[in-house]
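Visitor: I would like to learn how to read a few features of a model such as this one, beginning with a single helix. Could you take me through them in order?

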Amino acid sequence: MSELRGACARNVQWAGKKVLVTGAAGSIGRALAESLSYSQCEALIVLDHHDHGLLEVAEATAGRARQIRVVEALANIRDRARLTSIMERERPDIVIHAAALKHVHMGERHPGECVRTNLLGVRNVVAAAEQAGVSAFTFVSSDKAAEPVCVMGACKRLGELYLGGRQLAGSKMRMRSVRFGNVLGSSGSVLPRFEAQIEAGGPVEITHPDMERFFMSHDEAVDLVLGVSAAEHAETVAAGGAYFVDMGAPRSILAMAQELIRRSGRDIELKVTGTRAGEKIRERLFDDYEYVSPTSTTGLFHAAPSAATACLSDAELDEVERLAHQFDDLALVHHLFALLDQKLGRLTRLAG
């Protein structure tokens with residue numbers, strides 16, 4: 001990550017540019033806005049539908065970055081007309097799309113909502129950006145997009161493939177995706193939940209004793225997004241893929257819980273509750289349906305789809321949207337994974 005670190009502040013590609021960040025009120029969006037406030041960009045447009053959080057991040061950013069014009073944009077990424085209006089007015093040069101529903105288990109219980117935000121929302125932001133003449137677009141994906149078994153992961157993988165589809169369709173916008181592991185301390189992260197359970201006197205709940213996850217800090221996550229957004233890699237990468245960094249060995253959730261309990265000095269019960277729908281024991285950063293290659297940046301890799309069919313068209317998303325608005329969750333989820341199987345060349349839906 002050392003070559004990516006500080007890319008925002010040092011890279012001349014931010015100088016004089018207008019940057020729009022969706023999901024700016026979320027933990028990653030806030031961290032991106034803070035880092036960009038130290039850059040030489042001309043304007044920073046922070047977009048979110050959460051009014052209180054948006055006001056906080058806009059005021060904090062404006063207070064830090066008096067040399068940058070900070071624009072608050074209250075909008076939902078499900079509203080394409082509103083997105084188009086904002087982008088045509090502000091004409092950003094770079095869009096970083098971080099807005100998403102991030103809780104796996106909520107996505108399993110409410111798949112239609114997850115699809116409308118995490119997949120159809122991607123299309124809305126891309127369409128508005130293309131119409132406004134945006135030059136570069138970065139999509140914040142997830143390690144759950146690799147070998148996806150949950151609705152959230154499926155939406156993220158299909159979002160990557162949709163960007164590939166737009167590239168193959170001749171979009172003039174440079175599009176890249178980045179895959180995260182779990183971000184320490186972010187909204188929904190396991191550590192704040194464990195700490196709250198300890199504070200309440202327990203029990204500390206884990207779903208499986210063998211559960212492992214990749215973790216990265218806020219700084220590492222921001223460096224990855226901004227480094228990939230700004231870098232001009234010499235290599236040509238295949239459409240529909242994603243960048244990721246070597247995050248080292250995955251960490252045991254059980255060991256993390258035990259360490260927090262030990263540090264608390266309290267006698268706290270540790271309870272195994274069982275895995276939940278959409279949950280894997282171990283995550284991966286890429287899967288068997290991708291080719292992985294190093295980039296010219298040390299520690300940064302690109303995973304490219306191995307199947308020639310691995311791109312998603314607007315017509316195929318139209319069908320997903322039609323099903324999402326029928327409120328038949330079972331049919332929607334079945335179609336979502338069947339579409340993934342077809343695109344990736346999988347024989348059956350994988351189980352975690």
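Visitor: How many residues does helix H13 have, and what does it reach from its first C-alpha to its last?

Guide: A helix can be read by setting its end-to-end reach against the expected value at 1.5 Å a residue. In this predicted model, H13 spans residues 329–344, which are 16 residues, and reaches 23 Å, close to the 22 Å expected. Just after H13, Gly345 takes a positive phi of about 80°.

Visitor: Which residues of H13 are buried, and what covers them?

Guide: Buried here stands for under 20% relative accessible area. In H13 the buried residues include Leu332, Val333, Leu336 and Phe337, and also Asp341 and Lys343, while the cover over the buried residues of H13 includes helices H6 (111–118), H8 (151–168) and H12 (314–324).

Visitor: Where is Glu160 found, and is Glu160 buried or exposed?

Guide: Glu160 is found in helix H8, and Glu160 counts as buried because its relative accessible area is 0%. Leaving aside residues up to four places away in sequence, Glu160 touches Arg179 and Ser177, among others, as well as Phe139 and Gly240.

Visitor: What is the volume of the second largest pocket, and which element gives the most to its lining?

Guide: The second largest pocket has a volume of about 540 Å³, and of its 25 lining residues the closest to the centre are Asp48, His49, Ala100, Leu101 and Lys102. Helix H6 gives the most to this lining, with 3 residues, and strand S2 (43–48) and helix H5 (104–109) each supply at least two. By class, the lining has 10 nonpolar, 11 polar and 4 charged residues.

Definitions and conventions. Residues are numbered from 1 along each chain as its sequence is written. This is a predicted model: local features need pLDDT of at least 70, side-chain atom pairs count only at pLDDT 80 or more; totals for chains, interfaces and linings use all residues. Side-chain values use heavy atoms; hydrogens and water are left out. Helices (H or I, at least four residues) and strands (E, at least two) are DSSP runs, numbered from the N terminus. The expected span of a helix is 1.5 Å times one less than its number of residues. Buried means under 20% relative accessible area, exposed over 50%, partly exposed in between (1.4 Å probe, protein chains only). Contact means heavy atoms within 4.5 Å. On a 1 Å grid over the protein atoms alone, a cavity is a set of points where a 1.4 Å probe fits but cannot get out, and a pocket is an open set with protein on both sides within 12 Å along at least five of seven lines; lining residues have an atom within 4 Å of a point. Grid points are joined across faces, edges and corners, and a volume is the space filled by probe spheres set on the points. Ala, Val, Leu, Ile, Met, Phe, Trp, Tyr, Cys and Pro count as nonpolar, Asp, Glu, Lys and Arg as charged, and the others, Gly among them, as polar.
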